[in-house]
Amino acid sequence: MAEGKIIDGKAFAAGLRERIGRETARLKAEHDVIPGLAVVLVGENPASQVYVRNKARQTAEAGMRSFEHKLPPETGQDELLALVEKLNNDPAVNGILVQLPLPDQISEQAVIDAIDPDKDVDGFHILNVGRLSTGGTGASAPLVPCTPLGCMMMLKDRLGSLSGLNAVVIGRSNIVGKPMAQLLIKESCTVTVAHSRTRDLPAVARGADILVAAVGRPGMIKADWIKPGATVIDVGINRVPVEDGGESGKTRIVGDVDTQAAMAVAGAITPVPGGVGPMTIACLLANTLTAACRQEGIEPPAL
Ligand code: NAD
């Protein structure tokens with residue numbers, strides 16, 4: 001895995017899913033427990049439909065139970081909250097994920113607040129956010145948001161100890177930037193969180209031994225923003241037209257980093273696609289396994 005500059009998230013995720021599959025089989029054989037993940041989709045957002053389909057497929061492939069709930073776009077908040085309550089009380093369901101974004105008539109915060117924190121495999125509930133920031137361990141260990149969890153696994157695999165390294169996270173969202181910063185602090189990095197109001201962002205980025213880009217702007221991070229030898233984690237997923245003058249109307253996915261140019265400077269870099277993206281669903285399965293173990297009073301496996 002540590003060969004070359006490219007950090008191959010696709011291969012890393014495949015390895016992780018294999019380990020999860022093995023541990024899931026062991027859980028069933030030794031404890032008669034089959035982890036179950038419920039995914040709720042409200043509406044017909046095409047990207048969300050693809051995500052939910054992939055999640056269900058990979059859950060089943062790992063040997064877990066997958067419960068899909070598809071609700072029409074006009075679903076009211078009370079109806080969704082009633083479903084969450086039902087899933088909270090269902091012993092076959094160990095993890096609950098409500099696919100975001102939700103239609104305007106539903107408050108995302110109200111839904112996140114309603115999910116049992118022990119089944120909150122997205123790690124968005126305020127109790128898990130608090131546990132992550134206070135460094136909770138054992139029975140108080142948080143469920144960690146999947147995307148930053150995947151980034152950390154790849155960073156530790158590549159670099160070993162992160163202690164004392166300068167990390168710069170560009171982006172301060174609750175889903176990626178903030179939990180990423182918390183995880184890096186936990187690994188004893190010196191962490192800077194940059195965002196849309198940061199002054200002289202290139203200079204800030206150049207101080208980074210670890211640079212995490214979670215912005216949502218195609219190719220924003222240029223080669224001369226990167227410290228020679230730095231490890232670059234590109235979280236961005238941006239759809240741009242293919243370079244044919246827009247004739248075909250086709251699009252492709254690119255990250256927040258100008259990858260080709262950055263390769264000449266960085267020590268290691270995650271590509272887009274094939275970097276952080278595949279790790280996110282694999283980490284959702286990891287969280288479901290962890291949640292199932294904790295709910296059954298079993299020590300979760302180290303993955
Ligand atoms: P967001 O829109 O919630 O947050 C973007 C952050 O970028 C904000 O904190 C903002 O302050 C910052 N920002 C915006 N413009 C900036 C600028 N010019 N300079 C510096 N900072 C700026 O987005 P998000 O949910 O955190 O997602 C970020 C990106 O990561 C998106 O492209 C998203 O699609 C992608 N993403 C990927 C995965 C995955 O699985 N790979 C998961 C989640 C998000």
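# Close-up views of pockets, ligand site, cavity and backbone

Figure 1. Domain 1 (30-141 + 282-295) and domain 2 (146-278) each contribute at least three residues to the lining of the largest pocket; the domain bounds come from an automatic or database domain assignment. The structure is a predicted model, in which local features need pLDDT of at least 70 and side-chain atom pairs count only at pLDDT 80 or more, whereas totals for chains, interfaces and linings use all residues. Residues are numbered from 1 along each chain as its sequence is written, and side-chain values use heavy atoms, with hydrogens and water left out. The volume of the largest pocket is about 1,400 Å³. Tyr 51, Thr 147, Ile 237, Gly 277 and Thr 280 are the closest to the pocket centre among the 46 residues that line it. (On a 1 Å grid over the protein atoms alone, a pocket is an open set of points with protein on both sides within 12 Å along at least five of seven lines, and lining residues have an atom within 4 Å of a point; points join across faces, edges and corners, and volume is the space filled by probe spheres set on them.)

**Figure 2. Helices and strands contribute to the lining of the largest pocket.** At least two lining residues come from each of helix H1 (9-31), helix H2 (46-61), strand E3 (95-98), helix H6 (146-159), strand E8 (238-241) and H10 (DSSP runs numbered from the N terminus: helices H or I, at least four residues; strands E, at least two). H2 supplies the largest share, eight residues. The lining of this pocket comprises 25 nonpolar, 13 polar and eight charged residues (Asp, Glu, Lys and Arg count as charged; Ala, Val, Leu, Ile, Met, Phe, Trp, Tyr, Cys and Pro as nonpolar; the others, Gly among them, as polar).

Figure 3. An oxygen atom of the ligand lies 2.5 Å from a polar side-chain atom of Ser 173. For Arg 217, a polar side-chain atom lies 3.2 Å from a nitrogen atom of the ligand. At Val 235, a backbone N or O atom is 3.5 Å from an oxygen atom of the ligand. Of the 860 Å² of accessible area that the ligand has on its own, the protein covers 72% (Shrake-Rupley method, 1.4 Å probe).

**Figure 4. The second largest pocket also draws on both domains.** This pocket has a volume of about 790 Å³. Among its 27 lining residues, Pro 142, Val 144, Leu 149, Lys 186 and Arg 294 are the closest to its centre. H6, helix H7 (177-186) and H10 each provide at least two residues of this lining. Domain 1 (30-141 + 282-295) and domain 2 (146-278) each give at least three. The lining divides into 17 nonpolar, five polar and five charged residues.

**Figure 5. One cavity of 30 Å³ or more is found in the whole structure.** The volume of the largest cavity is about 70 Å³ (a cavity is a set of points where a 1.4 Å probe fits but cannot get out). Its lining consists of Ile 96, Leu 97, Val 98, Leu 100, Leu 102, Val 111, Ile 112, Ile 115, Asp 120, Asp 122 and Phe 124. E3 and helix H4 (108-114) are the elements that give two or more residues to this lining, and E3 has the largest share, three residues. Nine of the lining residues are nonpolar, none polar and two charged.

Figure 6. The bond from Leu 100 to Pro 101 is cis, with omega near 0°, and Pro 101 belongs to the loop between E3 and H4. Leu 100 also lines the largest cavity. A cis bond also joins Val 272 to Pro 273, with omega near -5°; Pro 273 is in the loop between strand E10 (268-269) and H10. Asp 32, a residue other than glycine, has a positive phi near 60° and sits in the loop between H1 and strand E1 (36-42).

Terms used. A polar contact is a pair of N or O atoms within 3.5 Å; within protein, one must be able to donate a hydrogen and the other to accept it, and residues adjacent in sequence count only if both atoms are side-chain atoms.
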